[in-house]
Amino acid sequence: MFVFFSTCTVYLVLFGSTQADENSCGLSMTWLETVSVTMDVSKNGFHRDLVTTVDFGPGFPDGLEALLVHRLPSGIYIDQYQLASLKEDTGLQVLLGSVVDLEAPAHTSEEFIVLVYPALDQGSLKATLPIHGRYHKPSLAGKRFELVEIKLPKLILRTDTCTQLISFPPYKIVDAPCTVHNLSICQWLDIQHLQEQDPVSLEIPLGDGSLVEPVCAGTLLVTLLCCVILSRSIWRHGVF
């Protein structure tokens, strides 16, 4: 069973708190400035792995929980059935913002939000998300590849022992599901200084639109030729 959340009413509701504080539930400004996020893509072809690594500095807060918020472009998709299998095998925790059509081409699809709840391990975390390239329209200009860019995800943090976060510039408090089960909403601190890495890009192979007519003509010719051969064979030998 897959659980989806409403991006309109649940995710990223900002709180206009005017109270400034440089330490919110153990998430101090000094420590937050040591946090870094990097992203890379592994494997080749249409089926890739999107690997996000988060490194935390010394002074790791107790009970820290992290959430990666990916806004993925229409040129790729995620297979929810594959996610269910990976959850059983590896414990990968992913919440999709909407139902993903696995068969739709890129030009009829829209971007979508994916929440990844990674497991923290000794002051760092690594989340591997399987992604797949969608089919794109054939190119009539001889273009062989379509470049699909994926931006760095947002990182939001909270501690499981804190019930009331306090925002302080440049960090803001946002609402998001507490867990992958999407049964309750929690306050998270949106980390604002991490968008320094350029987007990673995928090259999706394109069909050659100039070959459509020759391929169709050739297919029709071969089909007609086969029909003629079969008809002659039936005429000579009869139907068995």
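The following dialogue examines a predicted model and the reasons behind some of the terms used to describe it.

Trainee: Why is the contact between Arg158 and Glu65 called a salt bridge?

Mentor: A salt bridge requires a side-chain nitrogen of Lys or Arg within 4 Å of a carboxyl oxygen of Asp or Glu. The closest N and O atoms of Arg158 and Glu65 are 3.1 Å apart, so the pair qualifies. Arg158 belongs to strand 11 (residues 154–159) and Glu65 to strand 5 (residues 64–72), 93 residues apart, and the pair thus links distant parts of the chain.

Trainee: Is Arg158 buried or exposed, and what makes it so?

Mentor: Buried means under 20% relative accessible area. Arg158 has 12%, and therefore it is buried. Glu65, with 25%, is partly exposed, because this value lies between the limits of 20% and 50%.

Trainee: What makes Arg71 and Glu111 a salt bridge?

Mentor: Their side chains meet at 3.2 Å, N to O, and the cut-off is 4 Å. Arg71 is in strand 5, whereas Glu111 is in the loop between strand 7 (94–96) and strand 8 (112–116), 40 residues apart. Arg71 has a relative accessibility of 46% and Glu111 has a relative accessible area of 48%. Exposed means over 50%, so Arg71 and Glu111 each count as partly exposed.

Trainee: How do you know that Lys154 and Asp190 form a salt bridge?

Mentor: The closest N and O atoms of Lys154 and Asp190 are 3.6 Å apart, and the limit is 4 Å. Lys154 lies in strand 11 and Asp190 in strand 13 (residues 185–190), so the pair ties together parts that are 36 residues apart in sequence. Asp190 is buried, because its relative accessible area of 5% is under 20%. Lys154 is partly exposed, with 32%.

Trainee: How many salt bridges does the structure hold?

Mentor: The structure holds five salt bridges.

Trainee: How do you know that strand 4 and strand 9 are paired?

Mentor: Pairing requires at least two bridges between the strands. Nine bridges join strand 4 (residues 47–55) to strand 9 (residues 124–133), so they are paired; they run antiparallel. Within this pairing, Arg48 has Ile131 in strand 9 as its bridge partner.

Trainee: Why are strand 3 and strand 6 said to stand at the edges?

Mentor: Four strands form an open sheet in the order 3-4-9-6, with antiparallel pairing. Strand 3 (36–42) and strand 6 (76–77) each have a single partner strand, so one side of each is left without a neighbour in the sheet.

Notes:
Residues numbered from 1 in each chain as written. Predicted model: local features only at pLDDT ≥ 70, side-chain atom pairs only at ≥ 80, totals over all residues. Heavy atoms only, no water. Helix = DSSP H or I, 4+ residues; strand = E, 2+ residues; numbered from the N terminus. Buried < 20%, exposed > 50% of the residue type's maximum accessible area, 1.4 Å probe, protein only.
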